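Here is a short note for a colleague opening this entry. Please keep the sequence and the 3D view at hand while reading.

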Amino acid sequence: MSFDLDTILGSKVNTAIDVNRLLVPANSLGEYLRRFAEPALFHSDGFEPYDLSKSGSLTRICIEGRHFALTTDHQLRIQKYDLEQLCIHNSEARKIVTSHAAVFQNYRDQGPNLDAVLFEFTEAVMANSLSTHSWYRLSRRAFLEELPEPEILFAIGFPKDTNRIDFEVMGYEAAPFGVAGKPTQPFLPNRLAFRPAPTLTIDPAGMSGGPVFGVYLNGLRPTVFLAGIVTNASSCVFHFLSRGDIHRLIVKALG
């Protein structure tokens, strides 16, 4: 997976890119950021061998030493998943790990206005069931800061067409997909958007919940920031929930 940043930003991208104060080679950016995205897997007891299913994507973040998975609310609603069913696959240990808490907007029955749920995995990380790496680190204050104007936006997720669980061999190999493009005017209220370039030839359904990153020029150095999460995606336009709009969930989680 890679992003054609060289074409979009020109010669300014021939140096390393700043990602949370870590310098990442431009040609390794997509692979580096992939670690913060996961398929949203759901586990149900009593339905063996079909007790694991996939619906959408999620974003792994770390805030003040606590570890969370951020995903969209609509993928739980549509499939009627319970909050305790979301899990993350630990590929090294070959086991799935569930969260110990979920934070969502008040009055979910009034509609998916925020369309985000925050699942906490801090206990799993503390118990070494999940690695302390691969979580995008942010401060609480970062959710209140105004986002820079990006030169480019890109999303990482796991489309359902290329991320099916093979129950015949009882295996699942995640296949991340990256989409880049320029910011555009959203068609949906309370959302930001970007237009893929070129237009996609695959169905991006299943990328909801995956992270959206932006790149802006900080002086002469391209700098990456977490802009939000995908909520509605088509081959022509990706809508996403801004990082700032997720702040109310962060406040509820951290107290």
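Predicted model: local features only at pLDDT ≥ 70, side-chain atom pairs only at ≥ 80, totals over all residues.

1. The protein has five helices and 16 strands. It runs to 255 residues, and 49% of them count as buried.

2. Next, the surface. The accessible surface is about 12,500 Å². Carbon and sulfur atoms account for 49% of that area.

3. Consider how the chain meets itself. Take the contacts between residues at least 6 apart in sequence: 65% of them join residues at least 24 apart.

4. Now look inside. The largest nonpolar core holds 36 residues. Val19, Leu33, Leu118 and Phe213 touch the most other members. Helix α5, residues 247-254, gives this core its largest share, four residues. There is also a second, separate core. That one has 17 residues, among them Ala40, Ala69, Leu76 and Val125. As a rule, nonpolar side chains in soluble globular proteins tend to be buried together.

5. Zoom in on Phe213. Which residues does Phe213 touch, not counting those up to four places away in sequence? The list includes Leu33, Phe36 and Tyr136. Ile152, Leu153, Phe154 and Ile156 are on it too. Val224, Phe225, Leu226 and Ala227 complete the set.

6. Finish at His247. This residue lies in helix α5. Leaving aside neighbours within four places in sequence, His247 contacts Phe143 and Leu144. Check Arg141 as well: 106 residues separate Arg141 from His247 along the chain, yet their C-alpha atoms are 9.3 Å apart.

Note on methods
Residues numbered from 1 in each chain as written. Heavy atoms only, no water. Core = buried A, V, L, I, M, F, W, Y, C linked by side-chain atoms within 4.5 Å. Buried < 20%, exposed > 50% of the residue type's maximum accessible area, 1.4 Å probe, protein only. Helix = DSSP H or I, 4+ residues; strand = E, 2+ residues; numbered from the N terminus. Contact = heavy atoms within 4.5 Å. Areas by Shrake-Rupley, 256 points an atom, 1.4 Å probe, with all protein chains shown as cover.
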